[in-house]
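Good morning, and thank you for the time. I would ask you to keep the sequence and the model in view while I speak.

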Amino acid sequence: MTAILLQAGTVLAHEGDRVKVLRDHDILIVGNKIEAISQGLTLREGSNGRVIDCRGKIISPGFIDTHHHLWQSQMRGRFGNMTFMEYMVAGNIQSFNYTPEDIFWGQLAGCQESIFSGVTTVVDHAHMTYSPDHATEAIRASASSGLRTFFCYTPIRRIRKWTSDEPVDYDEELLPEWWFSTLESLAKAGPFGNGRVKLGLGFDAFNLSKEVVQDVWAKCRGLGIKLFTTHYVANSMKNSISLLKEYALLDSTTLFSHINGLAPTDAETLLRHGAYFSSTPETELQMGLGEPVAFNPDLKCNASIGIDCHASNSADILSQLRLGMQHARGAENAAVVARGEYPRVSIKLEEVFNLGTIQGARAVCMEGDIGSIEVGKFADIVVFDASSPNMVCAAQEDPLAAVLLHANVGDIEMVIVDGVVRKEGGRLVDVGVLDGIDGAEGEGLSLRDVSRRLLESRERIIERAAGQGAGRAMEFLYETFG
Ligand SMILES: [Zn+2]
């Protein structure tokens, strides 16, 4: 087995919800697991492991992103001045213009951005399932990238024809036979990428009947699926919290995204059933979904953090944590000052760090495996260069402040996922593309190779979209999403 010894770093370890700073500590990784955390560790004699000098570095658990659409890379830069419905037309339903090959390159680039940003686990709400090949190409890309993901296979409205002149023509059938048979064969073949890529269910089709929804859940559970994710935005979508409760399907395997504008009764239902949610501050603030609720004192015990659309903003969790925290601190103090009281800081760095790490692990029911640096857990680890111009002194004063307030993605020197180094010296390691979802690793592709293929794919997608009227798409969205 391969071994890696991270030597003499400042380790951000956990004891429950407390973050413990261990200075001048070593971490021994054997295979894909953390075997020891201590001082003065050495590699076993005769082992062919590597020793990595971590003096002056901060070693953090890999970050966990609990809501993301990983396929959308070709559309980066498109949504800067758009709100939700405009994004739906120019982004979400553009999956119609993606072939399976386009999905592969979009997905691979999305996974690479996550790894580059220090994210080691992503819940991928995969709403681009136009065909079995779309799903398998996405999984092949995820497995090739080295990222740990839940591929949350999602039934979607599939457009057949979209022009400016006629109403959008779409397939009325949300759950065709191939959708189930593909799910079944994927569940039998998975997990993929040495166990890193697991199946989940993504689901927003709450206009289907209670019996049909219950049947989908039962089939998924029968296939061993253990994570069910759905969007929830009050007053914009069907109330998935109350519906899942009514259908007796709500439990700790349910992960809601956003939950902006949540009614108190729904909040109480979510907490009582042990469900988690993913707050994605940047897309929520930009797209007009409402106030992010990750830091709501009544809800934060079941909160986690996500990216949502890396085509709309960057995929680094540090930015989301910082933005969400400071927005919430600002909102709290606006009310405090309005009452004539003195401002305060009640949201502390430790709980913010936990949102991006151990809380994310709880949200995906993997607390025993990921989310903290502990012996026996998977080696999903991020190493920051704490001597950078922006981190030095902060790292010595308070490593949590250094990571949450001073670091940027450029400081992330190394990323290890499942015991494998995927970023080193600040650069992504070449990707060994698998020749099938559970195939062998082929030739290595550099970041430059992937970018070239991604840009070619982007051109094709833009060409296919020519002549597709936005007004017709809006009609289609109002009709199908209500
Ligand atoms: Zn989303």
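I shall begin with the metal site, then turn to backbone features, and close with the helix packing.

This is a predicted model, in which local features need pLDDT of at least 70 and side-chain atom pairs count only at pLDDT 80 or more, while totals for chains, interfaces and linings use all residues. Residues are numbered from 1 along each chain as its sequence is written, and side-chain values use heavy atoms, with hydrogens and water left out.

Which residues coordinate the zinc ion? The ligands are H67, H69 and H231, each through NE2, together with D308 through OD, at 2.1 to 2.5 Å. Donors here are N, O and S atoms within 2.8 Å of the metal (3.2 Å for Na, K and Ca), and water is not among the atoms, so sites may look incomplete. In sequence, the spacing of the donor residues reads H-x1-H-x161-H-x76-D. The pair H67 and H231 links distant parts of the chain: H67 belongs to strand 6 (residues 63–68) and H231 to strand 12 (residues 228–233), 164 residues apart. Strands are DSSP runs of E with at least two residues, and helices are runs of H or I with at least four, both numbered from the N terminus.

Why is the arrangement around the zinc ion irregular? The 4 donor atoms subtend angles of 84 to 167 degrees, and the arrangement is therefore irregular. For reference, four donors count as tetrahedral if all angles lie between 85 and 135 degrees; four count as square planar, and six as octahedral, if opposite donors are over 155 degrees apart and all others between 65 and 115; anything else is irregular.

H69 is buried at 2%, D308 is buried at 5%, and H231 is buried at 11%.

H69 lies in the loop between strand 6 and helix 1 (84–90). Residues up to four places away in sequence aside, H69 touches Y87, D124, H125, H127, H231, D308, C309 and H310, contact being defined as heavy atoms within 4.5 Å. H231 and D308, both in that list, are also zinc ligands. H69 and G110, 41 residues apart in sequence, have C-alpha atoms 8.4 Å apart.

Q72 is placed in the loop between strand 6 and helix 1 as well, and is buried, with a relative accessible area of 0%. Beyond residues up to four places away in sequence, Q72 touches several residues, including Y87, H127, C309 and H310.

I turn now to the backbone. D308 lies in the loop between strand 15 (303–305) and helix 9 (317–338); although not a glycine, D308 has a positive phi of about 75 degrees. C393 likewise has a positive phi, near 80 degrees, and is a residue other than glycine. C393 is found in the loop between strand 16 (381–385) and helix 12 (394–397), and counts as exposed at 57% relative accessibility. The peptide bond from G190 to P191 is cis, with omega near -5 degrees, and P191 sits in the loop between helix 4 and strand 11 (197–202).

Finally, the helix packing. Helix 3 (residues 132–145) and helix 4 (residues 177–189) pack at an angle of about 30 degrees, with axes 10 Å apart. Axes are lines fitted to C-alpha atoms, for helices over the stretch in contact, and angles run from 0 to 180 degrees between N-to-C directions. Helix 3 and helix 4 are therefore roughly parallel to each other; angles under 35 degrees count as roughly parallel, over 145 as roughly antiparallel, 65 to 115 as roughly perpendicular and the rest as oblique. P132, A135, T136 and I139 of helix 3 make the contact with W178, T182 and L186 of helix 4.

The axes of helix 9 and helix 13 (residues 399–406) come within 8 Å and cross at roughly 90 degrees, and these two helices are therefore roughly perpendicular to each other. Their contact is made by L318, L321, R322, M325 and Q326 of helix 9 and by V403, L404, L405 and H406 of helix 13.

How values were computed. Buried < 20%, exposed > 50% of the residue type's maximum accessible area, 1.4 Å probe, protein only.
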